[in-house]
Amino acid sequence: MTGWLRVGPLAEIEDEDVRRFDHDGRSYAIYRVAGNVYATDGLCTHEQAHLCDGLVMDHVIECPMHNGRFDIRDGRALGAPACVNLKTYPARIENGIVFMLVE
Amino acid sequence: MSDGAPRQRRRSDYRLIGGAGEQARRLGLVGADWYKPAVPRSVMKELMRRQDAAAIRDTALWYALILGSGALAYLSLGTLWALPAFFLYGTLYAGPADSRWHETGHGTAFKTRWMNDLLYQVASFQVMRRPTVWRWSHARHHTDTLVTGRDLEVQAQLPIHPLDLIADFVGLKLAPREFAMMLLNAAGHLAEEEKTFIPEQEWGKAIAQARAWTAIYALTIGLCFYLSSWVPLLFIGLPSIYGAWLYNFFGLPQHACLPENVLDHRLNCRTVMMNRAFRFLYWNMNYHVEHHMFPLVPYHALPRLYEAVKDDCPPAYASSWAAYREIIPALARQWRDPGYYVKRELPAQRPAMASMGPGR
């Protein structure tokens with residue numbers, strides 16, 4: 001399914017944090033950093049751990065399992081053990097609600 | 001615990017190629033979901049918070065101790081005092097290097113990334129673990145902890161060979177093996193087993209690091225010839241062997257004699273209470289159940305994590321002595337009965353969600 005999906009209220013995500021969003025059998029990670037929102041695939045490209053349990057520092061998400069790191073703005077893997085980039089999705093805030101675009 | 005007759009277990013089962021890994025995969029033990037206690041996100045965020053100050057302080061103190069003991073060792077050359085002085089130097093050089101290698105490998109010791117990376121490289125050299133190879137080996141250890149044929153970091157492999165275990169404990173196995181593998185890597189080759197867990201794009205890094213290490217050892221050995229003296233190697237290289245006993249003393253209780261092939265870190269890891277000096281030297285890795293459950297929590301927050309999850313875990317061991325009182329007889333028992341293992345009792349109301357039993 002393609003289109004903007006309603007993720008949920010922005011207030012449910014703390015600043016510099018991440019939450020899980022499942023849709024159509026897929027898991028996504030939705031981030032809030034410095035007033036902006038970002039969306040990526042929800043599973044680490046290294047060994048499929050859920051990134052929603054990880055640590056967000058500035059614009060970097062660190063995987064809870066092996067500490068693989070990704071830039072949430074463009075999905076770049078920032079070093080071992082993360083070697084494969086993370087897929088990112090456009091995200092926006094509208095009237096306090098977070099939306100993401102799924103292709 | 002044992003179900004009676006000794007079960008078959010061969011050392012070859014631990015091999016990544018041709019070992020028991022495929023059987024483990026068929027049993028659903030590879031890359032599986034492990035039991036995790038429920039900790040509120042707000043608490044986890046606080047526990048995962050990074051800082052530089054604690055690790056800078058501890059690192060400065062550690063290297064001050066190494067330099068101080070190194071000075072004592074140098075000044076004692078030619079006297080009998082050199083024996084205890086070098087023993088102290090080697091213990092401080094290699095012992096804490098294990099936990100520094102470990103924590104910076106996880107990237108949690110410092111908040112600043114380059115500090116983690118720098119100490120990781122230096123500590124890897126001191127403990128003599130090839131940085132790239134062991135980074136990936138340790139990732140596997142966390143994915144498949146004590147899964148036979150998947151985890152390379154099973155120290156007390158079955159069946160127990162006492163002399164082999166003692167040789168490993170006093171450092172006679174790891175460093176010589178790593179030295180040989182370093183030379184292989186420096187020649188541009190990785191072992192076939194290593195290729196199974198290190199992505200191809202990392203191979204070049206492993207080879208470059210091996211060449212840098214080889215150059216350092218060549219210079220040190222060259223200096224020995226130039227001076228007609230073993231002293232340079234006593235300061236660089238050999239401490240990785242004669243100082244290894246400390247990290248093995250701390251590290252053996254992590255998993256020894258606990259069951260393989262279970263999906264619950266409460267069953268296959270030990271948390272051992274230690275005094276402040278030990279916890280400084282070991283950077284709180286005695287909180288090992290907690291570390292395996294939540295590897296993103298920095299060493300300085302592990303005591304708080306322990307408090308947060310302790311009601312969900314078996315009781316911690318009161319001391320290293322308490323742990324070894326269990327381990328030594330258990331190793332002796334495993335020598336005769338490879339099917340034996342120590343069974344930890346889980347809290348009554350909180351059974352393991354994903355435990356699959358020993359599976360052997």
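Modeller: The bridge partner of A:Phe21 in strand β3 of chain A is A:Tyr28, and A:Tyr28 also stands opposite A:Asp41 in β4(A). The model is predicted: local features need pLDDT of at least 70, side-chain atom pairs count only at pLDDT 80 or more, and totals for chains, interfaces and linings use all residues. Residues are numbered from 1 along each chain as its sequence is written, while chains are lettered from A and ligands numbered from 1 in the order in which they are written.

Strands here are DSSP runs of E with at least two residues, numbered from the N terminus, and two strands pair if DSSP finds at least two bridges between them. Strand β2(A), residues 17–23, pairs with β3(A) in the antiparallel sense over seven bridges. These two strands, β2(A) and β3(A), form a hairpin with two residues between them, and A:Asp24 in that turn has a positive phi of about 55 degrees.

On β4(A), residues 36–41, the pairing with β3(A) is likewise antiparallel, over six bridges.

As to burial, a residue is buried if 20 or more other C-beta atoms, placed from the backbone, lie within 10 Å of its own. Six of the eight residues of β3(A), residues 26–33, are buried, so this strand is largely enclosed by the rest of the structure.

Conventions: Buried ≥ 20, exposed ≤ 12 C-beta atoms within 10 Å, placed from the backbone. Helix = DSSP H or I, 4+ residues; strand = E, 2+ residues; numbered from the N terminus.
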